[in-house]
Amino acid sequence: RVDYLDDENGPFYSPVWEGAAVVVRVNRKHPFFDGVYGTLLQTESGAQAKEAVDLLLITLGREELRTKNSETREFYRAQRVERWSPFLASGLRTLAREFPAPEAEDEVAA
């Protein structure tokens, strides 16, 4: 299942066990939420894409949590926190500049 958290300096998602279930917490304060995830929540046509993103995040989180080797588990955590999340934030900021939101385009035209 997917849940949400608000962590200004956190990674774009964090996996946790809740009993036997994997829960992926999507960070609403990471640029991933506004640039990708949140936009999928805004439209009915984004529902299938949102479910696909959920599945991808649950898959990644599940494998990170199920890894028995502590070094491998730390590798996944470090990649998610220190590599993937900063790279994704940077890339999404670049995309936002290249593809401004429709209301920003309207303001420029006015």
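This is a predicted model: local features need pLDDT of at least 70, side-chain atom pairs count only at pLDDT 80 or more; totals for chains, interfaces and linings use all residues.
Why is strand 3 largely enclosed by the rest of the structure? Five of the seven residues of strand 3 are buried, so the strand is largely enclosed by the rest of the structure.

## Overall layout

The protein has four helices and three strands. Read along the sequence, these elements follow the pattern β-β-β-α-α-α-α. The C-alpha trace spans about 55 × 30 × 20 Å along its principal axes.

The protein has 110 residues, and buried residues make up 31% of them. Among contacts between residues at least 6 apart in sequence, 42% join residues at least 24 apart.

The three strands form an open sheet in the order 1-3-2, with mixed pairing. Strand 1 (2-5) and strand 2 (13-18) are the edge strands, each pairing on one side only. From one strand to the next, the twist averages 35 degrees. As a general point, strands of a sheet pair through backbone hydrogen bonds, in either a parallel or an antiparallel sense.

Strand 3 takes part in both pairings described here. With strand 1, strand 3 pairs in the parallel sense over four bridges, and Val2 stands opposite Val24 of strand 3. With strand 2, strand 3 pairs in the antiparallel sense over six bridges, and Val16 stands opposite Val23 of strand 3. Strand 2 and strand 3 form a hairpin with two residues between the strands, in which Gly19 takes a positive phi near 65 degrees.

## The nonpolar core

The largest nonpolar core has 14 residues, of which Val24, Val26, Phe32, Tyr37, Val53 and Leu57 touch the most other members. Two or more residues come from each of strand 3 (21-27), helix 1 (31-42) and helix 2 (47-66). Helix 1 gives the most to this core, with four residues.

Leu57 shows how these parts meet. Leaving aside neighbours within four places in sequence, Leu57 is in contact with Phe12, Tyr13, Val24, Val26 and Phe32.

Which residue lies in the loop between strand 3 and helix 1 and is treated here? His30 has its place in that loop. His30 counts as buried because its relative accessibility is 5%, below the 20% cut-off. A polar atom of the His30 side chain lies 3.0 Å from the backbone oxygen of Ser85. Ser85 is also among the contacts of His30 beyond four places in sequence, which are Gly10, Pro11, Phe12, Ser85, Leu88 and Ala89.

Asp54 is in helix 2. Is Asp54 buried or exposed? At 6% relative accessibility, Asp54 counts as buried. Not counting residues up to four places away in sequence, Asp54 touches Val2 and Tyr37.

## Helix packing

Helix 3 (residues 70-98) comes within 8 Å of helix 2, axis to axis, and the two cross at roughly 145 degrees. This crossing of helix 2 and helix 3 is left-handed. Where they meet, Glu63, Glu64 and Leu65 in helix 2 face Arg73, Tyr76, Arg77 and Arg80 in helix 3 as contact partners.

Helix 3 also packs with helix 1: their axes come within 9 Å and cross at roughly 65 degrees. Helix 1 likewise passes helix 3 in a left-handed crossing. Here Pro31, Phe32 and Val36 in helix 1 meet Leu88, Ala89, Leu92 and Arg93 in helix 3. Leu88 and Ala89 are also contacts of His30, and Phe32 is in contact with Leu57.

Note on methods:
Residues are numbered from 1 along each chain as its sequence is written. Side-chain values use heavy atoms; hydrogens and water are left out. A nonpolar core is a set of buried Ala, Val, Leu, Ile, Met, Phe, Trp, Tyr and Cys residues joined through side-chain atoms within 4.5 Å. Buried means under 20% relative accessible area, exposed over 50%, partly exposed in between (1.4 Å probe, protein chains only). Contact means heavy atoms within 4.5 Å. Two strands pair if DSSP finds at least two bridges between them. Axes are lines fitted to C-alpha atoms, for helices over the stretch in contact, and angles run from 0 to 180 degrees between N-to-C directions. A polar contact is a pair of N or O atoms within 3.5 Å; within protein, one must be able to donate a hydrogen and the other to accept it, and residues adjacent in sequence count only if both atoms are side-chain atoms. A crossing is left-handed if the near helix is turned anticlockwise from the far one by less than a right angle, and right-handed if clockwise.
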